[in-house]
Amino acid sequence: MVEEDIHLDDKRATEIFRITQESLTNISRHADATEIRIALERKESRYLLEVRDNGRGFDPSLRKKTIFRLDRRPRTGAGAKR
């Protein structure tokens, strides 16, 4: 495993933290995993966050097809419709 320092601005660090936090929450609630591996890698101007576990999976044909992008605007906060 190669470890390099990755320097993130506050906004990107917060986004990556929240995605990781949600992943860990989902694993703890649904996967019954005993091992979790997290890796963050920079590829040119993009970042790859990988969260893996040894828990039970799900049938991918039953899930919605969605893509999460860091540049999406949040649904809550100033100016959000309520």
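Let me start with the two strands. Strand S1, residues 36-43, and strand S2, residues 46-53, pair in the antiparallel sense, with eight bridges between them. Keep in mind that this is a predicted model.

One of the pairings to look at is Lys-43, whose bridge partner in S2 is Arg-46. S1 and S2 make a hairpin, and two residues sit between the strands.

What is the phi of Glu-44 in the turn? Its value is about 55°, which is positive. Glu-44 belongs to the loop between S1 and S2. Is Glu-44 buried or exposed? Its relative accessibility is 76%, so Glu-44 counts as exposed, the cut-off for that being over 50%.

As background, most residues other than glycine have a negative phi. That is the reason for pointing out a second case. Asp-32 is not a glycine, and its phi is positive, near 55°. Where is Asp-32? You will find Asp-32 in the loop between H1 and S1. Asp-32 has 55% relative accessibility and therefore counts as exposed.

Now the helix. H1 covers residues 10-31, and Leu-24 is in it. Leu-24 has a relative accessibility of 32%, so it counts as partly exposed; that class lies between 20% and 50%.

Which residues form a nonpolar patch on the surface? They are Leu-24, Ile-36 and Ile-38, and together they have about 230 Å² of accessible area. Leu-24 comes from helix H1, while residues 36-43 make up strand S1.

How values were computed: Residues numbered from 1 in each chain as written. Predicted model: local features only at pLDDT ≥ 70, side-chain atom pairs only at ≥ 80, totals over all residues. Heavy atoms only, no water. Patch = residues over 30% accessible without salt bridge, like charges linked within 9 Å, V, L, I, M, F, W, Y side chains within 5 Å. Areas by Shrake-Rupley, 256 points an atom, 1.4 Å probe, with all protein chains shown as cover. Salt bridge = Lys/Arg side-chain N within 4 Å of Asp/Glu carboxyl O. Helix = DSSP H or I, 4+ residues; strand = E, 2+ residues; numbered from the N terminus. Buried < 20%, exposed > 50% of the residue type's maximum accessible area, 1.4 Å probe, protein only. Pairing = 2+ DSSP bridges.
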